[in-house]
Amino acid sequence: MSDMATGIRALVGEIRAIYGDGPVPLHRPVFDGHERRYLIECIDSNFVSSVGAKVTEFEARVAAFTGARHAVATVNGTAALHVALELAGVGPDDEVVTQALTFIATCNAIRYAGAWPVFVDVDRDTLGLSPQALRAFLERHVEVRDGRPYNRASGRRLAACVPMHTFGHPCRIAEIVAVCDEFGIPVVEDAAESLGSTAGGRHTGTFGRLGTSSFNGNKIITTGGGGMILTDDEALARRAKHLTTTAKIPHPYEFVHDEVGYNYRLPNLNAALGCAQMERLPEMLEVKAGIAARYAAVLAEIGWDYIPAPAGTVSNHWLNAVRLASPAEREAFLRETNAQGVMTRPIWRLMNRLPMYADCQHDGLANAIWLEERVVNLPSSVPDGALAPWAG
Ligand SMILES: *Cc1c(COP(=O)(O)O)cnc(C)c1O
C-alpha cells in the first residue's frame, strides 16, 4: 500500500493547497452576494412565508438560466420529484425505471407516488442511466397493451423513466429520451445535482417531459432547502403550481380546494436566498471548473482515475470523484483521508441493497456494482475568498 500512501500524500497536499489547513468538508455553501440584503427585504416586507415576490423572481431566474419555459419552486427536491412523477402520470402500482446508483430521494419520490422502482444499469463513464441497458431491459420486458407499455414480468405499467445526472455529470440523456419515446414512456429527469450542467449545449432537466432540481444545503447553490420543477409544457407547469400549493382555487377570500394537493411551497425567505445564489452561479461554475482541472491534473500525476465530464457535455463539477482500483484501496483511502480531516465519502449504497428496495426488479447492475465498490467523492466546495467581492 505504499503507492496508496504516496498517492494520498500528493492528493491531500493539493486539497490543502486549495482549501487550507483545518477540517475540509465535502461541500459547503458560500454566501458572498446579496443573501443578507434579500433576506432583510423579505423581513421588512413581512412576506417571509408561502407567498411573496422572491418566489416568483427565483422561478424566473432558474427558468432563464436553464432555458426551461417554466419553473415551479418547491420546498425541496424530493417534493419536486414526487409532484413531477404524478404530473407525468405515475400512480399507485405503476413502475418507474431508474438507476440503482442514486441518492435515496429518487426512489422515495417514486414510492410517494405509489409506484415501484425497477433498476437498470448505469454507464461507467457518465455514472448515469445507460441507454443501452435501458433498451435491452425494455426490449426484453415490455409488452404494449392498448398503446401502453407494461412489464411482462410484473404485469405493472411502466409509467415513467427517471435518469439522474450523477454528481453533476450529464448522463446520455438525449439517447435515453429517444429510447423512452419509442416505448411511449415519459422521462422525468432527476437533475438535483446538475444545475449548470449541459449536454450538447442544452441544460440538464430540460430534455424530459419534466425535470427537477434541488437547492439543499449541500448542492451547488442552496436556498437552505428547496427544489424546482422544470417543464416546457404550460399546462403541466400550471398543474405543478396548483398541486404544490394545496390545490386552492384562486379567490380573494374563499378557501376552496379542488383536489388533494400538497403544501410543497418554497417559503419566500428561502427563495430570497436562491435569488442571491443564482446571481453568483456563473462565477461559482467557473471556480468549480478550475478545481476540477486541478484534481484531474494531480490525479493524472498520481496515476489514479479522475472521473471527467463525459464527452459532449459541460459538467457543473458539483462533486469531484475518483475511481480507485479496488474495494480494499477505497477503504484505505477513505480511512486515511478522513483521519487527516479531509472529508471524502464513498458513492451511495445501491438502492437494491436497501431493505425497502431489495425486492425491486433489476438487470444485474454490473457497472453500478463495479462503481459502488470503487468511486469516492473529493472535497468540492467553492473555497473561501474564491469569488470576487460582489459589486452588484
Ligand atoms: C439532493 C438530491 C435530491 C433532492 O434532495 P432534497 O434534499 O429533497 O432537495 C434528489 N435526487 C438526488 C439524486 C439528489 O442528489
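Predicted model: local features only at pLDDT ≥ 70, side-chain atom pairs only at ≥ 80, totals over all residues.
The chain is divided into two parts, with domain 1 made of residues 4-28 together with 281-377, and domain 2 running over residues 35-277. If you take the centres of the two domains over their C-alpha atoms, 25 Å separate them.

Let me turn to the interface itself, where 41 residues of domain 1 are in contact with 44 residues of domain 2. Between them the two domains bury about 3700 Å², and 65% of that area lies on carbon and sulfur atoms. On the side of domain 1, the residues that lose the most area to domain 2 are Trp-318, Trp-348 and Gln-361, which together account for 20% of what that side buries.

Which kinds of polar interaction cross this interface? The rule finds 27 residue pairs in polar contact between domain 1 and domain 2, whereas for salt bridges across the interface the count is 0.

As for where the touching residues of domain 1 come from, at least two are supplied by each of helix 9 (268-302), strand 13 (313-314), strand 14 (320-323), helix 11 (366-372) and strand 16 (375-378). Of these, helix 11 gives the largest share, with 5 residues.

Methods:
Residues numbered from 1 in each chain as written. Heavy atoms only, no water. Domains from an automatic or database assignment. Contact = heavy atoms within 4.5 Å. Buried area = accessible area lost by both parts, 1.4 Å probe. Salt bridge = Lys/Arg side-chain N within 4 Å of Asp/Glu carboxyl O. Polar contact = N/O pair within 3.5 Å; in protein donor to acceptor, adjacent residues only side chain to side chain. Helix = DSSP H or I, 4+ residues; strand = E, 2+ residues; numbered from the N terminus.
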